[in-house]
Amino acid sequence: MMRQYLGIKAEHPDCLLFYRMGDFYELFFEDARKAAELLEITLTQRGQSAGQPIPMCGVPYHSVDGYLARLVKLGIRVAICEQVGDPETSKGPVERRVQRIVSAGTLVEESLLAESGDSSLAAVCERNGQFGLAVLSIASAHAEVVSTDRREELLLHLKRAEASEVLVQPESLLLSLRAAGFGQSMELATGGHTPWAISTARVQEALGVATLEGFGIQPESVVVEALDLGLAYARRAYSRLVRIDTLCRIDTNDVILLDAAARRNLEIDSRPDGTTNNTLLALWDTTRTPMGRRLIRRWLVQPHRSQTEARQRQAAVTTLIEVDPELLRRTLRLCADVERITSRITLGSASPRDLSKLGETLALLPEIRAALEKLDAPLLQAQLHSLPDCADDASLLRRAIVESPPAVIREGGVIAPGFDAELDRLRSLDADAGAWLSELESRERERTGYATLKVGYNRVHGYYIELGHSAATPPPDYMRRQTLKNAERYITPELKAFEDQALTAKARALQSERALYAELVETLATAHSRFRRVGEVLATVDVLACFAERALALDLCVPTYSPLPGLRIENGWHPVVASRLQTPFIRNGIDLDSTRRMLVITGPNMGGKSTFMRQTALIVILAYAGSRVPATAASLGPVDRIFTRIGAGDDLAEGRSTFMVEMIETATILNNATAQSLVLLDEIGRGTSTYDGLALAWGTARHLAERIRALTLFATHYFELTSMAGEVDGVQNAHLTATEHRGEIILLHSVAPGPASQSYGIQVARLAGVPPLVVRTAQEYLDRLERSVVYTDKPQGDLFAAAAKPAPEAASWPAEHLAILDELAALDPDALSPRDALALVYRLRGLLSTDRDTPLE
C-alpha cells in the first residue's frame, strides 16, 4: 500500500495528497506533518519506513469539504486520491487514482465557493513583445482574454482581475512582474512552449468551435497560448476536458477601467481593511439569485463604456419600475444557481440536489417568460427571445429525480420510481420480498394440501420450504436442502430463482441507480449551452430588477448621457455615507466641461472633500452600470477610466514607504490617464517634506490640467495650488465650507466656489480629543510660523512667497558681523584644540555683545 502511495505522491509533489482509505482520507510523511499543523488535527504514526515510524494524520471523508476550504484559503493545493478498483476482486492494494486537484483557482464545489464570489485562474504569456492574459472561471465556464504590448496595461488588467491563482510563462515575465510591484501570488507554469496548432486545437475543443475568429482572436495570437495554459491547468485539476461556454475579448474601448487602487479607495466591493460591509455593492445588491449577485458585482467593478448600452439598461429599469419589480423578483428568488450547477454537470460532479434544484428552476421558466412578455423595453425583450425552451429538460428531471433527494448518489434513493422499469423491479424484490414469500406460502399450502407448510430463510442455507416428517411424499419439484430432527427443508426452481435475485437485488439496484444517474448527467451535459443561457438571462433580469428596486427605495434619478466631454451633477450624495447618517446628508453638485476640467478643492479636515470626490466617481460608475444615480439630475460625457489617489498606506511586504506607494499610484495615473479619464487626487505630496510635497503636487496638477486635460478633482491643503486657477485654463477653485463659533469649528460640508480661507487643522484636532496642552502648544507654534512668512493679500501664508524672500544685502550688515564671518571663513576647524575652540566661541560672543539687538540674518 505504501509503495502505491509513494508512486502517486511522486506524480503530485506540489500537492497535499488526500489518500482514501475506507471512511478516511489519510496523509503520510511530510504531508501529514504539514496538514496536522495547518488543520490542527492529531499527528500519529503508522508502520515504519527505513526503521523510522511513518507520520500519519487523517480526516473523515464525510467532512472533508471543511478541511479543504481551510487549505484552499491558505493557498494549498490538494490532490484527492480515490479508490477506483473493486476491493472484492482486487489482488493486493485496491487501485487508486487522483480524481481531482483542488486549488483556489479551479473551484466549482458549492461547499467551497462563496455564493456571490468567484474562483478564477489567470494565465499570462509573453511572446515577441506581446503579452497575453486569459482569466478563466471554471465555475461559470467563462473566460476573458486581453492582448497588449504595454506592460503597464497588462499589470492594470491583472490587478483588476484579482485572480485566485496566477500562472506565468516564461520565467523572465514572472520576474519582471514581481519587479514591477505586482503583489499577488504567482507561479511559473510548468512545461515549455506548445506549438500554435496544438494550442489552437485544444482551445477550440474546449469552446466547441471550429475557429476562433468569431471571438476576434487571430491565428497565432498570444492569448491563444494563455488560454491553453489555463485550460491545461484546469484539465489536470479535473482529469478531463474543461469546457468554456463564453469567451469575451476585453478591449479597453469597451469598459471603464478601474484599477485595484480605485476599487479599494472608492470602496466599491471591499474596503481598504478587506471587509465588505458598508460598500457600494453591499448597499446596491438586493438581487434574488446567486447568478445575479455575481453579475451586479461585475457590472459595478467593470462598467460598460457604451452609452447606448447604458441607455438600454436605464430603459429596462424604468419599465420594471412601472410594473412593480417585485412581481418578477418573487419568482427569481426561487431560482437556483443554474450557472454553477451547469459547470458541475459538465465536469461530472453534479450532486442529486443540484439536479433537483435545476429541475425546479427550469419549471419556473414559463412563469418568468410570461412576466417578460408584458415588458416592452428592448433589452428585456431581447432577454425574452434568447430564453431557451427547457420544457423537455424540466420534464426529464421531474421524472428522473425524487422530490427531496439525498446529498450524494453513494447510497442510492435518488432515481424516482417509474423512471426505469428494471430498477423498479430490483427495488421491489428487496422491498416486497416478505409479501412475495407469504403469497408463495399460501399457494404451496393449497397445492400440496399441507396446512403446516412454512416458507423461511436463514443465512446459511438461504430460502426454503419446510415440511414436517409426518408429511407424505413431497411434490416432484421439491429438492431437499436440509434435514432437521422433526422436519425437512426443500427448495423449488421458482424459489431458487427468487433467491438468486432477492439476495443480490439491493446491490444490483444500487449499481443500476448509479449507472442511470451517470447516464442522466451525461444527457444533461449535452444541453449545457442551453442551461448556461438560462443562467445568463436570469442573472441579467435579476440585476435590472434590483436596480429598479434600489431606484424606488433610495429615490434615485435617471442620468442622461452626452457625447461631449464633461460631468454635471445636481444635488448629488454619497449613497453609502448617507445610509449610515442619522442626520440629513448635505448634497452637492459639480459641473465640469471642456472649459472647466479641474477643480482644486480646499477646505478643513473632516469637511467632506474626500466624500465629495468619491460620490462623484460612484455616480459615474452607477450611471454607466445602468443604475439610476443618487442625485436630482446628472449628465455624463464619455469616460474611459477612473483613477484615484486617496488615503495613505505603506506596503511593508514589498519594502515600500507610504510616500513611495503614493508616488507609484500617481505615476500610474500620469502615465495612463487620457482626456476622457476621471481622476481623483487627495493630498498629493503629504508624505514628504513640505517644499518637496508642494512642488510635486504643483507639477502633477499642472500636467493633468495642461497636458492630459483629464476631468480632475484635486483636493489639497497646499493653498499655493489655488493660484493655478488664474494661470492655467480650465482650472477653477472650490472649497468645503466651515465656520467658527466661540472658538469652535462648525463643518457645513457644502461645496462653494473659490478657495478656502483656512484649514482649521488645530480646531479639528481639538474635536478629535487631542489633549488641550498639545492644542495650545500647536496654536502657539502656528502663530510663530505665520508671523515668519511674508504676508500678502491671500488669507493664508504662501510658502512659495516665503521661499522667494530675498536675503539682505551684505553691505547692510553691521561691521561686527562681517568681521565674525571673515574669521569663521579663515579658520581650520580640524586644527583647533578643544581649548582653542572654546576661546574662539568666547571671542565671537564678545564681538556680538556690542550690538545685541541686531539679528544675525
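Reply:

**A helix and its buried face**

Three leucines are buried in helix α5 (residues 171-179): Leu 173, Leu 174 and Leu 177. Their directions, seen down the axis of α5, fall within an arc of 105°, so the buried residues line one face of the helix. The arc is taken over directions from the helix axis to the C-beta atoms. Buried means under 20% relative accessible area, exposed means over 50%, and partly exposed lies in between (1.4 Å probe, protein chains only). An α-helix has 3.6 residues a turn, so residues three or four places apart point the same way.

A word on the basis. The model is predicted, so local features need pLDDT of at least 70, side-chain atom pairs count only at pLDDT 80 or more, and totals for chains, interfaces and linings use all residues. Residues are numbered from 1 along each chain as its sequence is written, and side-chain values use heavy atoms, with hydrogens and water left out.

What covers the buried residues of α5? The cover includes strands β7 (121-127), β8 (130-137), β10 (165-169) and β11 (187-188), together with helix α4 (151-161). Contact here means heavy atoms within 4.5 Å. Helices (H or I, at least four residues) and strands (E, at least two) are DSSP runs, numbered from the N terminus.

The loop between β10 and α5 holds Pro 170. A cis peptide bond joins Pro 170 to Gln 169, with omega about 5°. Most peptide bonds are trans, and most residues other than glycine have a negative phi.

**A helix pair**

Next come α6 and α7. Helix α6 covers residues 196-207 and helix α7 covers residues 222-238; they pack at about 60°, with axes 9 Å apart. Axes are lines fitted to C-alpha atoms, for helices over the stretch in contact, and angles run from 0 to 180 degrees between N-to-C directions. The crossing of α6 and α7 is left-handed, meaning that the near helix is turned anticlockwise from the far one by less than a right angle. From α6, the contact takes in Trp 196, Ser 199, Thr 200, Arg 202, Val 203 and Ala 206. They meet Val 222, Val 224, Glu 225, Leu 227, Asp 228, Leu 231 and Arg 235 in α7. By class, the residues of this contact are 7 nonpolar, 2 polar and 4 charged. Nonpolar means Ala, Val, Leu, Ile, Met, Phe, Trp, Tyr, Cys and Pro; charged means Asp, Glu, Lys and Arg; the others, Gly among them, are polar.

An open sheet of 6 strands has the order β3-β4-β2-β1-β5-β6, with mixed pairing. Its edge strands, β3 (44-49) and β6 (96-102), each pair on one side only. On average, neighbouring strands of this sheet are turned by 35° against each other, direction ignored. Two strands pair if DSSP finds at least two bridges between them. β3 and β4 (residues 52-60) are antiparallel over 4 bridges. Here Gln 45 stands opposite Pro 55. Helix α2 (residues 29-39) lies across β1 (16-21), β2 (24-28), β3 and β4, at about 45° to β4.

Between α2 and β3 is a loop, and Glu 40 sits in it. Glu 40 has a positive phi, about 55°, yet is not a glycine. With 69% relative accessibility, Glu 40 counts as exposed.

The other open sheet has 4 strands in the order β14-β15-β17-β16, with antiparallel pairing. Here the edges are β14 (454-458) and β16 (479-483), each pairing on one side only. From one strand to the next, the twist averages 40°. β16 and β17 (residues 487-491) run antiparallel, joined by 4 bridges. Gln 482 stands opposite Arg 489 in β17. Helix α18 (residues 433-448) lies across β14 and β15 (462-468), at about 140° to β14. Helix α19 (residues 493-525) lies across β14, β15, β16 and β17, at about 150° to β15.

**Two single residues**

Asn 571 belongs to strand β19 (residues 566-572). Its phi is positive, near 50°, in a residue other than glycine. Asn 571 is partly exposed, at 37% relative accessibility.

Met 606 is in the loop between β21 (598-602) and α22 (609-625). At 62% relative accessibility, Met 606 counts as exposed. Leaving out residues up to four places away in sequence, Met 606 touches Leu 747, His 749 and Val 764. The C-alpha atoms of Met 606 and Glu 205 are separated by 58 Å, and the two residues are 401 residues apart along the chain.
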